[in-house]
Amino acid sequence: MADEVRTAQPKEFYRKYLEQGVRPDNRELGEFRPTVLDIGSKNGSCISTAEGSALIRLGNTIVICGIKGELAEPKTETPTEGYLVPNVELSAVCSPQFRPGPPSEQAQVLSQFVANVLKNSQCVELEDLCIAPGKMVWVLYADLICLDYDGNVADACVLALTAALSNTSLPVVRVDEETGKTETDFKEEKKIQLTCTPISATSAIFEDNVLLVDPTRQEEELSTGLVTVVTDGKNICSLEKPGGSPLKDQQMRLCIERAFQRHTEACNLITQSQGSTLSTLTSPLVDR
Amino acid sequence: MVDVNLSEAEKTFIVHGIQDNFREDGRSNEEYRQMDLETGLMSNTSGSARLRLANTEILVGVKAELEEPKPEKPDVGRLEFFVDCSANAAPEFEGRGGEELATEMMNLLYRAYSASTVLDVSSLCLQSGKLCWVLYVDVLLLECGGNLFDAASIAVKAALFNTKIPSVKVRQEEGEETELEVSDDPYDVRRLDVSAAPTVLTLSKIGHNHIVDASQKEEACCLARLMMAVTASGSVTATVKEGRGSLDPDSITEMMQVGKRVGKAVNEKLLETLKEEEQKGLKRKTVGFLR
Amino acid sequence: MPDTRRITGPEETQSPFAFCPQFLAQSAEAFSDGKRRDGRKAEADHRPVFLKAGLISQAKGSAFAELDKTKVVCAVYGPHEVARREDFSMQGQISCEVKFAPFSCRVRRQHVQDGREKDLSTQLLEALEPAVRLDSFPKSQVDVFVTVLENDGSALSAAITCASLALADAGIEMYDLVVACTARIHGTSILVDPSFSEENLKTVSGEKPGGQVTLGFMPSLRQVSALCYHGDTDLDVLSQATQRCQDTCHKLYQVVQDTLVKSVEQRMNNS
């Protein structure tokens, strides 16, 4: 009976649950779905061909982030700064609504969101990525691939990216000043230092007055607006509210509070996963 | 592949005939149809060939260009294949219709020529890491009459045999720029050694038997085919199974044995014909194409 | 060509591997101390395989395959209406797409599908078509999407096995499961399930370059659904290699079947 109501009248279905202050998947309004993070062991990442990687499972949503480093000439205006290029891919694998081909509008919006988070939080010092000023710098390509789209991909992407960056190590590249020859030394490694850990928390606005944190795909579809707050533990790095129903002052403060709470949770999760000996992709995916 | 609509009765007729080693046009299972080959038709190319296999017509042009070699392989030149299924050949090829078939053919050609022993690509390199010859092989499908892959590969081999690369000397003095000296003499050219180059042989499985050089009607009855790239010495450089049906592992071994035997014979005959044509020199009569 | 839909970095970049002479120098030795490069003892040893079906909640059917380090994910959607109405046919159609993640190989790959990926997509289609009962979904199309998350050799065979497991998980009627295996012929040795470094072994001077053969096999029916080989070897060595692949496929079949049974049991427990 419940399934029929859910399909025929989804809003009614949700309303009944929300009246009791609970959601259909047994969560409270301010609770995140169980998050599993796999960063890989201390000596390597979960994807060995990438310089840094992380896999995150937020409920059913799965996002994998891989960081690859390449070398390039810096821009003339900023000769000591490297590049950090994020890209979110919502491929045909993750949901029937995405077709193979160039990135959809949603993917482009997410990519821009992640780029903004990186720029505003300044979690990676671009000067750290410099090898030889004016001649050679590192370009870090952060590719995020969504494997299962069940809502709140934005939070999953930010968490995966932060986790992957926290475990990225690049080989040492030396440029000989006299001959101009470049040499890569894979035996030595340099770890990327993060200045802060940006973590986001998205809330969906349901019928103008209820805020559901970490919405599933169905909740996103029924929502009348979304709010994303990105914090680094002390300050707010970014706040996105692309249209949607208006929020009162109090509700906005609630979202920000939840974001700070999430930050502490997520940082604990990252530190735990880093120390663990899980080194394969299989553990999070097995627990289904 | 371009399909012809056949009724069940026609299909049964063809299958039964092949069982008795007697095909629709009177050939045996391992016989090729009449082939006409001509090389050196187009003056703007470094090498060209035209092949007519019953109703299939293929035109291949080879152009040699000087470019930088790939960074992973700085000491060798390379071959780049491009297949164009012209709308002349079949109405389905209009616009982007022929792309699937073209990609399949290109992939097979790349595979067949991927081994290093097939063509001496290291001799195509002039300056390690900086300059090498890249041979652009363009295959044009003018008419479809069945067995396109075989015809294309034979034409490609003939065109490569016919290719004349101008002799270039590289001179580099200390601290100065590299100078290229191209010989003035139009007959001072380098030829390629194609004796180890492969040709593709398609074996189509019809019923319990397999045939070589299927016509369009026979292709419509066939559910699975095995395409093998065989060289004159009998070694196989590429094998791809194609089609909606599956094959028995024993029949694959059988088909490969037949393929090796017939492939060797085709390669030998081809080289013989090419050398004969070369010897005739300017005295030979050119027929042209789309007769 | 500038990709206006993605955030682009600088126009020209180079991989750090281009400047490392040790990486560029490929070895010709397949064995060291009697073991293969990644520690396996025998030529015919397959790497440990982990398979899981039904992991993507949004897809009709899905599977994940892990061959030691090679990781492949597959999602199946459909059957749904054919994309182009002119492609009406009484037999169903399958469309396959193989994509390597940009971070799956040592040298970063581009987002756009390149020639090699298109080639693998065609090979995957060839392998799956004979096994699927196409007449069970006329006028319809089934989409198979494969993403290779990490490539450490034998990506095509992992993709084929993963895709057929996903199709079975989606409930598409099939004659049999397709199990695939790759073998690398190097000189006189036949290395089953080569890792990436084994796939790129340099030719031993004086010997034939060898080659690589991938076999897609349906073990219950004892039929070959796909055969793909390139290189330069003798016919008998090639036959030997395909025989080895067949034997390995028989062994893998059991693992694939067990995975499928487990996922069905899980589904029944959940509902």
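Reader: What pLDDT does chain B average?

Author: Good place to start, since this is a predicted model. In chain B, 95% of the residues score at least 70. The average pLDDT of chain B is 85.

Reader: Where in chain B is confidence highest?

Author: Let's look at both ends of the scale. Strand 9 of chain B, residues 178-182, has the lowest confidence, with a mean of 77. At the other end, with 92, is helix 3 of chain B, residues 148-162.

Reader: Which feature does UniProt place on chain B?

Author: The record is an unreviewed entry, and it gives the feature in two spans, residues 31-166 and 201-261. In the model, residues 31-166 of chain B are 21% helix and 38% strand, while residues 201-261 are 31% helix and 39% strand. The name that UniProt gives is "domain: Exoribonuclease phosphorolytic".

Reader: Which chains share the most contacts?

Author: Two pairs of chains are in contact. Chain A and chain B are not joined by any contact, and their closest C-alpha atoms lie 15 Å apart. The pair sharing the most contacts is chains A and C.

Reader: How much area is buried between chain A and chain C?

Author: On the chain A side, 54 residues are in contact with 47 residues of chain C. Carbon and sulfur atoms give 61% of the buried area. The area itself is about 4500 Å².

Reader: What is the distance between the closest N and O atoms of the salt bridge of Asp143(A) with Arg108(C)?

Author: The rule finds two salt bridges across the interface of chain A and chain C, and there are also 17 residue pairs in polar contact, both residues at pLDDT 80 or more. In the salt bridge of Asp143(A) with Arg108(C), the closest N and O atoms are apart by 3.1 Å.

Reader: Which element gives the largest share of the side of chain A that touches chain C?

Author: Several elements of chain A supply at least two residues each, including strand 4 (83-90), helix 3 (105-121) and strand 6 (136-148). By class, that side has 29 nonpolar, 14 polar and 11 charged residues. The largest share, nine residues, comes from strand 3 of chain A.

Reader: Where in chain A is the pLDDT below 50?

Author: Chain A has a mean pLDDT of 84, with 92% of its residues at 70 or more. One stretch falls below 50, although it has 40 contacts in the model beyond near neighbours in sequence. Where pLDDT is low, the predicted coordinates should not be read in detail. The stretch to treat this way is residues 277-288 of chain A.

Key: Residues numbered from 1 in each chain as written. Chains lettered and ligands numbered in written order. Predicted model: local features only at pLDDT ≥ 70, side-chain atom pairs only at ≥ 80, totals over all residues. Heavy atoms only, no water. Contact = heavy atoms within 4.5 Å. Buried area = accessible area lost by both parts, 1.4 Å probe. Salt bridge = Lys/Arg side-chain N within 4 Å of Asp/Glu carboxyl O. Polar contact = N/O pair within 3.5 Å; in protein donor to acceptor, adjacent residues only side chain to side chain. Helix = DSSP H or I, 4+ residues; strand = E, 2+ residues; numbered from the N terminus. Nonpolar A, V, L, I, M, F, W, Y, C, P; charged D, E, K, R; others polar. UniProt positions renumbered as here; feature names shortened; annotations may be inferred. pLDDT = per-residue confidence, 0-100.
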